[in-house]
Amino acid sequence: GCSYKLRNVDLHPLWKGEIDVPGGSRQSPINIRIRDSVFHPQLAPVHTQYDPNTCLHIWNNGYSFFVEFDDSTDKSIVSGGPLENPFRLKQFHFHWGRNNDWGSEHTVDSRVFPAELHLVHWNCSKYRTFEEAIMEPNGLAVIGVFLKIGKQHEKLQKLVDILPSVRYKDALTEFNYFDASCLLPSCVDYWTYSGSLTTPPLTESVTWIIMKKPIEVDHSQLAVFRSLLFTAVGEEEKYMVDNFRPLQPIMNRTVHSSFE
Ligand SMILES: COCCCN1C=C(N)c2cc(S(N)(=O)=O)sc2S1(=O)=O
Ligand SMILES: [Zn+2]
């Protein structure tokens with residue numbers, strides 16, 4: 001069922017004083033109101049082609065844990081959907097709460113999920129590097145996938161099992177064979193809208209693709225996410241939880257759906 005609990009959390013210092021982007025007109029995340037979304041019949045399914053051998057390592061950047069990929073070739077790409085050309089997979093990461101009542105960044109008709117996965121890709125046809133692309137209006141494409149509590153996600157367990165090795169901020173571990181497509185739901189339906197990074201530099205460079213169906217993970221898998229730390233070795237330990245940005249105003253944007 002839906003949980004409408006207020007999220008009265010004490011957010012990560014990143015969000016202590018909500019960072020307003022001067023002139024921000026396309027900030028993320030947003031609440032997706034299903035009845036306001038516009039069906040676009042031309043929106044084809046999104047096509048991902050990920051090579052598990054491009055997986056490099058996993059690291060704790062003090063805000064989430066990132067699984068990073070070798071983006072020096074077109075081996076791991078996303079194409080189709082709202083995208084005019086292929087984008088290269090750079091990394092994926094998650095956002096989650098201190099409990100199962102909240103944790104996602106986007107919401108659907110105000111429904112929050114316990115966590116949200118972001119697969120970050122950059123426009124290799126228009127820009128030379130990822131760093132350049134994150135500063136450009138159509139530089140990035142991020143696929144968002146909601147996580148809900150249910151049966152154990154077997155393929156995710158390989159990742160969960162090595163999280164303790166990146167418990168502290170700045171820790172990095174070799175992680176060199178993972179098929180990120182196992183984290184996508186089987187249903188191809190999605191919403192898409194123009195938005196931004198949800199962490200600094202908050203640049204308005206993201207074509208968001210939010211999958212309609214969540215994937216299932218079990219509570220013990222999310223519990224391991226919550227055992228990670230925002231803090232580095234030697235610092236006073238702070239559990240990595242509630243690493244999501246508050247909802248942002250939709251301004252005059254339209255969310256399009258690939259389904260009726
Ligand atoms: C070299 O600059 C790196 C800064 C930008 N990056 C860092 C993030 N925290 C981040 C968050 C992202 S999110 N939550 O909007 O998907 S995408 C992304 S990112 O593009 O990989
Ligand atoms: Zn994210």
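Colleague: Are histidine 93 and histidine 118 buried or exposed?

Modeller: Both are buried, meaning under 20% relative accessible area, where exposed is over 50% and partly exposed lies in between (1.4 Å probe, protein chains only). Bear in mind that this is a predicted model, where local features need pLDDT of at least 70, side-chain atom pairs count only at pLDDT 80 or more, and totals for chains, interfaces and linings use all residues. Side-chain values use heavy atoms, with hydrogens and water left out, residues are numbered from 1 along each chain as its sequence is written, and chains are lettered from A and ligands numbered from 1 in the order written.

Colleague: Which residues coordinate the zinc ion (ligand 2)?

Modeller: Donors are N, O and S atoms within 2.8 Å of the metal (3.2 Å for Na, K and Ca); water is not among the atoms, so sites may look incomplete. Here His93 (NE2), His95 (NE2) and His118 (ND1) coordinate the zinc ion (ligand 2) at 2.0 Å. The donor residues follow the spacing H-x1-H-x22-H. Histidine 93 sits in strand E7 (residues 87–96) and histidine 118 in strand E9 (residues 115–122), 25 residues apart, so the pair links distant parts of the chain. Strands are DSSP runs (E, at least two residues), numbered from the N terminus.

Colleague: Why is the arrangement around the zinc ion (ligand 2) tetrahedral?

Modeller: Ideal angles for four tetrahedral donors are 109.5 degrees. Four donors count as tetrahedral if all angles lie between 85 and 135 degrees. The four donor atoms here subtend 98 to 116 degrees, which makes the arrangement tetrahedral.

Notes. Four donors count as tetrahedral if all angles lie between 85 and 135 degrees; four count as square planar and six as octahedral if opposite donors are over 155 degrees apart and all others between 65 and 115; anything else is irregular. Helices (H or I, at least four residues) and strands (E, at least two) are DSSP runs, numbered from the N terminus.
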